[in-house]
Amino acid sequence: MSTSLRLRAGLVSIVLLAAFLGIWHLATRSTGTTTTMSPEYAKLMGLTATQGKSAMPGPLDVGAKLWEHLKRPFYDNGPNDKGLGIQLAYSIARVGTGYLLAVLVAIPLGFLIGMSPLLSKALDPFIQVLKPISPLAWMPLALYTIKDSSVSAIFVIFICSIWPMLLNTVFGVASVRKEWVNVARTLEVGTVRRAFTVILPAAAPTILTGMRISIGIAWLVIVAAEMLVGGTGIGYFVWNEWNNLSITNVIIAILLIGVVGMLLDQILARFTRMVTFPE
Amino acid sequence: MTDKFISIEGIAKRYSGAGGATTTVFENLWLSMARGEFACVIGHSGCGKTTVLNILAGLDAPSEGAVIVDGQAISGTSLDRAVIFQSHALLPWRTVLGNVSYAVSSKWRSWDRAKVKAHAQTFIDLVGLTGSEHKRPSELSGGMKQRVGIARALSITPKMMLMDEPFSALDALTRGTLQDEVRRICLETGQTAFMITHDVDEAIYLADKIFLMTNGPGAVLAEVVENPLPRDRGRTDLHRHPLYYALRNHIIDFLVTRSKTFAAETPDHDPRNVPLVHVGKPELTIASDAKPEPSREASWPGLSRPSTSS
């Protein structure tokens, strides 16, 4: 029953994809009018004017280009022409660094806030004000103080991924079932051991959910941050290809951003499943 | 009272409500228990039974008064007093063995893994869960979960066991079996036990002494009823004992009417000297003690003679 459901769902997915690609292909076919002009003028005008080709690349163009990229993901022909693999690696490294720093700060801090009603009340106004700030708004301040564009991008990732983790950790720690804490208390378990043997496992699913939200936001923000910072990364690649008017490369980059984002989310989802306990 | 193993001395619990008003759940509560005794507390919801238990466990502190266990005033929780929670409170990410081992390794920090495991296994076997050691709580039935709770409480070999309506969430059959287990274990190990219950039959079967509490707020311990049934009573023939209905009716009468009217009817109630009630055979009780209510007296009225123990 469930396999047949999966099979049918897969079939529908394939049909939808085929329909989308088909419509895309039809919509970008060469149907425009061509005008006759002098060859030199035609060179300036490009294929749209001379052959009636759509300015928007079709799925076949994108597929061919994608294959080219996949064949050579790591070439490096200088600052403006690097393989997609290198660009993605830069982005993932920045996200990873900023995100891990945020984990190191948010989870211990969230633990403290969650366990201490005083800290929770005292820090609440700061968190409430800092949380809704768009991470990119920090960029000028980061560039001015850090004076390094690459580190600034990491800082922006750090600041955007810290909030969901912090708030979820606080919530998870503060809402650990009283009876589990009481079990530890009646067994005279010390605070540190209690934190690791009762509160951490009980709050782990909530904390991991926060981490999963954070990695998603970090991956959203890195593209924008790299467009501003420039130099390397998939966000820079998108902007550079837009300046090159290579819509094909832009579409490929969009596709890859989606795939990498999905993979990051799936990794965190797997971790979440590992720590989730049935009740 | 010769041996006061547990002595609750004049404790009170007050909560400050809105606008400086304080709610007194109970005050000036005195209660004592001998070593190896099984006591049940019966009273309506809101009379502070659970608060008394939490204070005994050290999970809650009294606003006034002190609790003395084995000659020492308690402060906070202790491994000497094990709690069996109503909701079993097993850690769901640990297996049966993991849950019991957690308690064992909390008591004996220096024990190695094998010793902890062997000790935990003994108590898992004791409650009849052999073969389910590696199951997680979510894979167990309600009765099995509570068995793990009992094994966990027993595994730290406490001086006393505190039980907060441990069987109220179980079906009647499972409850009966577990009552048998708890009675057997307590008799075998000479465990002192303090149990909160709503179930009159459970109290009659298990308890040596039954503490009756009036309705809250401002609840008091009204009487201590001594269980007249023989120590080797069985669950199946309990109701055939000549004193069973007298005892049962006495408790039910208390719960139905006297728990409400007790404070008004007994203005000279001395909370330090709570009357110890011996329920006698109806033929032998003196009728003048009872309220004149002929229709009830015709059946088994559960009359009793309060007598203050000295």
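This is a predicted model: local features need pLDDT of at least 70, side-chain atom pairs count only at pLDDT 80 or more; totals for chains, interfaces and linings use all residues.
**Exercise 1. The open sheet of chain B**

Determine the strand order of the open sheet of 4 strands in chain B, and state which strands stand at its edges.

*Solution.* 
Step 1. The order of the strands is E2-E1-E4-E5 in chain B, and the pairing is antiparallel.
Step 2. Strand E2 (22-33) and strand E5 (72-73) of chain B each have a single partner strand, so they stand at the edges and one side of each lacks a neighbour in the sheet.
Step 3. Strand E1 (residues 6-16) and strand E4 (residues 64-69) of chain B run antiparallel and are joined by 5 bridges. Within this pair, Ile6(B) is opposite Val69(B) of E4(B).
Step 4. Helix H1 (residues 49-57) of chain B lies across E1, E2 and E4 of that chain, and runs at about 120 degrees to E1(B).

**Exercise 2. Strand E7 of chain B**

Explain why strand E7 (residues 160-164) of chain B is described as largely enclosed, and identify the strands with which E7(B) pairs.

*Solution.* 
Step 1. A residue counts as buried when its relative accessible area is under 20%. Of the 5 residues of E7(B), 5 are buried, so the rest of the structure largely encloses this strand.
Step 2. In a regular strand, side chains alternate between the two faces of the sheet. In E7(B), Met160(B), Leu162(B) and Asp164(B) lie on one side, Met161(B) and Met163(B) lie on the other, and both faces are covered.
Step 3. Strand E6 (residues 81-84) of chain B pairs with E7(B) in the parallel sense over 4 bridges. Arg81(B) has Met160(B) as its bridge partner in E7(B).
Step 4. Strand E8 (residues 192-197) of chain B also runs parallel to E7(B), to which it is joined by 5 bridges. Here Met163(B) is opposite Met195(B) of E8(B). The chain passes from E7(B) to E8(B) through helix H5 (residues 172-189) of chain B, in a right-handed β-α-β crossover.

**Exercise 3. Helix H11 of chain A**

State how many of the residues of helix H11 (residues 234-243) of chain A are buried, and what covers them.

*Solution.* 
Step 1. In H11(A), 7 of the 10 residues are buried, so the helix is largely enclosed by the rest of the structure.
Step 2. These residues are Ile234(A), Gly235(A), Tyr236(A), Phe237(A), Val238(A), Asn240(A) and Glu241(A).
Step 3. Their cover includes helix H4 (59-71), helix H5 (84-115), helix H10 (191-229) and helix H12 (247-275) of chain A.
Step 4. Leu245(A) follows H11(A) and has a positive phi, near 55 degrees.

**Exercise 4. Annotated stretches of chain A**

Relate the UniProt annotations of chain A to the secondary structure of the model.

*Solution.* 
Step 1. An unreviewed UniProt entry places the feature "transmembrane region" at several stretches of chain A, including residues 152-176 and 245-264.
Step 2. Residues 152-176 of chain A are 92% helix and 0% strand, with end C-alpha atoms 36 Å apart. For residues 245-264 of chain A, the values are 90% helix, 0% strand and 29 Å.
Step 3. UniProt, again in an unreviewed entry, lists "domain: ABC transmembrane type-1" for residues 88-268 of chain A. This stretch of chain A is 86% helix and 0% strand, and its end C-alpha atoms are 19 Å apart.

**Exercise 5. The contact between the chains**

*Solution.* 
Step 1. Between them the chains bury about 1,900 Å², of which 63% is on carbon and sulfur atoms.
Step 2. Leu59(B), Trp93(B) and Tyr102(B) account for 33% of the area that chain B buries against chain A, more than any other three residues.

Note on methods: Residues are numbered from 1 along each chain as its sequence is written. Chains are lettered from A and ligands numbered from 1 in the order in which they are written. Side-chain values use heavy atoms; hydrogens and water are left out. Two strands pair if DSSP finds at least two bridges between them. Helices (H or I, at least four residues) and strands (E, at least two) are DSSP runs, numbered from the N terminus. Contact means heavy atoms within 4.5 Å. Axes are lines fitted to C-alpha atoms, for helices over the stretch in contact, and angles run from 0 to 180 degrees between N-to-C directions. UniProt positions are given in the numbering used here, feature names are shortened, and annotations may be inferred rather than shown by experiment. Buried means under 20% relative accessible area, exposed over 50%, partly exposed in between (1.4 Å probe, protein chains only). A crossover is right-handed if, with the strands pointing away from the viewer, the path from the first strand over the helix to the second runs clockwise. Buried area is the accessible area (1.4 Å probe) that two parts lose on being put together, summed over both.
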